[in-house]
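Let's take a friendly walk through this protein, from its overall dimensions down to single residues. Please have your viewer ready.

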Amino acid sequence: MPKLAYLGPEGTFTEAAARGLAPDAERLPCANVGAALDAVRSGQADGAVVPLENSLEGGIIQTLDEFAWGQPLLIVAEYLLPVEFSLLVRPGTEPRQIKRVTTHPAAHTQCRNFIERELPGAVVIPAASTAAAAQEVANPDSPYDAAISPAIAGEVYGLEEAASNIGDRNDTVTRFVRVAPPGHVPEPTGADRTSLVAFLKEDHAGALLEMLNEFAVRGVNLTRIESRPTGQGIGSYFFHFDAEGHVADARVGEALSGLHRICSDLRFLGSYPRADRVVTQIRPGTSDGDFGEAAGWLTRMRSGRV
């Protein structure tokens, strides 16, 4: 049975994603994203599940930076989890008794309308995570009356749902990834995604455009691009890319080879099946067969067989 590290404590959205990705795996809760990934690097866990991006707030900075600077790991799967918050209370708590609520600041932001409408007199106190908030409220001596957390946290800590699906938007989704030690890359499925981190060799006019052209001229569509500071001064950035396709595809492989030539460093984070199962659309002239025919033509020309 594999052991998966995840962003804990028990009852987080990440645990729910881990359950979805590997229902039978043993789960190891960790204090933060870095600790979960380090558990894989040290061999304490066989893999880890961490959040990568949220449809409302964008990339998860700690995860992005860990992939860029930490010891290399390989993404082998992804999972899309709808973000639904509940108002959790100790059994027997009446709505009029809710005066002090605790939750993670991001959850507070996403449930602001509900709080203003249904709990206008309540004070909201930040917690380290939504699960930690539920864990605190479960304590009979807690100074808090309620937690804004995922429903799974109520199951774990014995709390009741005073209200469900209280987020301001009902279409928010978080994308989680499962990572493993470097090794086998999942086989192509036709509905794949490739992730990488690219560092500029030098800052000059058109530097980003040069990187984007490596994808564009080969018909590789990007599904995400995000910049992060290198820490080496204002204006110094590196880039996270998600691209449609698999590294085994000729067009994707050639795009990565082109990036490798013009970047100071290029980290391949993995090629893996898309959770939404969207099949990659291949433009005319960019299939593996097209690349193979072009390579054969060039070989003939080089040998004088015109």
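How far apart are the mean positions of the positive and negative charges of the protein? The mean positions of its 27 positive and 39 negative charges are 4 Å apart. Here Lys and Arg count as positive and Asp and Glu as negative, while His and the chain ends are not counted. Each charge is placed at NZ of Lys, CZ of Arg, CG of Asp or CD of Glu.

## Ground rules

This is a predicted model, in which local features need pLDDT of at least 70 and side-chain atom pairs count only at pLDDT 80 or more, whereas totals for chains, interfaces and linings use all residues. Residues are numbered from 1 along each chain as its sequence is written, and side-chain values use heavy atoms, with hydrogens and water left out.

## The overall picture

The protein has 10 helices and 15 strands. These elements are DSSP runs numbered from the N terminus: helices are H or I runs of at least four residues, and strands are E runs of at least two. Along the principal axes, the C-alpha atoms fill a box of roughly 85 × 45 × 35 Å.

Of the 306 residues, 46% count as buried; buried means under 20% relative accessible area, exposed means over 50%, and partly exposed lies in between, with a 1.4 Å probe and protein chains only. The accessible surface comes to about 14,800 Å², and 51% of that surface belongs to carbon and sulfur atoms. These areas come from the Shrake-Rupley method with a 1.4 Å probe, and for residues only the protein chains shown count as cover. As for contacts (heavy atoms within 4.5 Å), residues 24 or more positions apart account for 75% of those with a separation of 6 or more.

Strand E1 (residues 3-7) pairs with strand E2 (residues 26-30) in the parallel sense, over five bridges. Two strands pair if DSSP finds at least two bridges between them. In this pair, Leu4 stands opposite Arg27 of E2. To get from E1 to E2 the chain passes through helix H1 (residues 13-21), making a right-handed β-α-β crossover. Right-handed is meant in this way: with the strands pointing away from the viewer, the path from the first strand over the helix to the second runs clockwise.

The loop between E1 and H1 holds Pro9.

## A strand covered on both faces

Strand E6 (residues 86-89) is covered on both faces, with Ser86 and Leu88 buried on one side and Leu87 and Val89 buried on the other. E6 pairs with strand E9 (residues 146-149) in the antiparallel sense over four bridges, and Ser86 has Ser149 of E9 as its bridge partner. E6 is also joined to strand E10 (residues 160-163) by three bridges, again antiparallel. There, Leu87 stands opposite Ala163.

## Loops worth a look

Which backbone angle stands out at Asn165? Its phi is near 50°, a positive value in a residue other than glycine. Asn165 sits in the loop between E10 and strand E11 (173-180), and it counts as partly exposed because its relative accessibility is 41%. Arg277 also has a positive phi, near 60°. This residue belongs to the loop between strand E15 (263-273) and helix H10 (288-302), and its 58% relative accessibility is why it counts as exposed.

Gly190 is partly exposed at 34% and touches Val279 and Thr280, not counting residues up to four places away in sequence. Its C-alpha atom is separated by 8.2 Å from that of Pro273, 83 residues apart along the chain. Val185, with 24% relative accessibility, counts as partly exposed. Leaving aside neighbours within four places in sequence, its contacts are Leu74, His246, Val247, Phe268 and Ser271. Val185 and Leu74 are 111 residues apart in sequence and 7.9 Å apart in space, C-alpha to C-alpha.

Not counting residues up to four places away in sequence, Ala207 touches Leu200 and Glu202.
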